Amino acid sequence: MDAARFSSTSDLLQTFNNVVYQITSGRRFISLFYGKLYPQSRSLEYTNAGHNPPLVIRAGTDPTPLDKGGPVLGVLPNSHYESEKISLRQGDVLVLYTDGAVEAENPAGEQYSAERLSRTVGLHLQQDASDLVETIYTSVIQFRKTTSLADDLTLVLLKKL
């Protein structure tokens, strides 16, 4: 599928949803976050298809979840998806993560949570992206009180310089 031929991220995901549905007859699904970065305008267009909402974390403001979109791909034919375009400012951090990060549990059964993830990033906004990934990973491991994880922990960070 050539992403360039679609006018928006939502158009691409609507088409992709129908392809997945046709192939799987609605018996399988895909959660997906699709974003197109526009460096010249310092903006990001995105559509979220049932994935954990990535977070935009800015100094002095509450985190912004990127949750515009629609359902997971492949379950319902002809699903509608929305897209949104956001501006990225100097110092902003975009955090994409899997559920293994926020659902990691400590010995008391508490989850790490998107709120704790946001707090961790907010306290370390001065770090570069690679150091921030390490800080988040260390924070999750310390929270769990073990180095073993029950699920994958995948992080992708984008920091606007």
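Analyst: The following account begins with the chain as a whole, turns to the core, and then treats a loop residue and a helix.

The model is a predicted one. Its protein chain contains four helices and eight strands, and along the sequence these elements follow the pattern α-β-β-β-β-β-β-β-α-α-α-β. The radius of gyration is 17 Å, close to the 15 Å given by the globule rule for 161 residues, so the chain is as compact as a globular protein of that length. The C-alpha trace spans about 45 × 40 × 25 Å along its principal axes. Of the 161 residues, 39% are buried. Among contacts with a separation of 6 or more, 61% join residues 24 or more positions apart.

The largest nonpolar core has 19 residues, and the members that touch the most others are Val 93, Val 95, Tyr 97, Leu 117, Val 121, Ile 136 and Leu 157. At least two residues of this core come from each of strand S3 (55–57), strand S7 (93–97), helix H2 (99–102), helix H3 (114–123), helix H4 (129–144) and strand S8 (155–159). Helix H4 gives the most, with four residues. Leaving aside residues up to four places away in sequence, Ile 136 touches Tyr 112, Leu 117, Thr 120, Val 121, Leu 155 and Leu 157.

Thr 98 lies in the loop between S7 and H2. Its relative accessibility is 15%, so Thr 98 counts as buried, the cut-off being under 20%. The side chain of Thr 98 reaches the backbone nitrogen of Thr 154 at 3.0 Å. Beyond residues up to four places away in sequence, Thr 98 touches Asn 52, Asp 152, Leu 153 and Thr 154.

The buried residues of H1 are Thr 9, Ser 10, Leu 12, Leu 13, Asn 17, Val 20 and Thr 24. Viewed down the axis of H1, these residues fall within an arc of 145°, so they line one face of the helix. Strand S1 (32–38) and strand S2 (43–49) are among the elements that cover them. Just after H1, Ser 25 adopts a positive phi of about 55°.

Notes
Residues numbered from 1 in each chain as written. Predicted model: local features only at pLDDT ≥ 70, side-chain atom pairs only at ≥ 80, totals over all residues. Heavy atoms only, no water. Core = buried A, V, L, I, M, F, W, Y, C linked by side-chain atoms within 4.5 Å. Buried < 20%, exposed > 50% of the residue type's maximum accessible area, 1.4 Å probe, protein only. Contact = heavy atoms within 4.5 Å. Arc of directions from axis to C-beta. Polar contact = N/O pair within 3.5 Å; in protein donor to acceptor, adjacent residues only side chain to side chain. Rg over C-alpha atoms; globule rule 2.2 N^0.38 Å.
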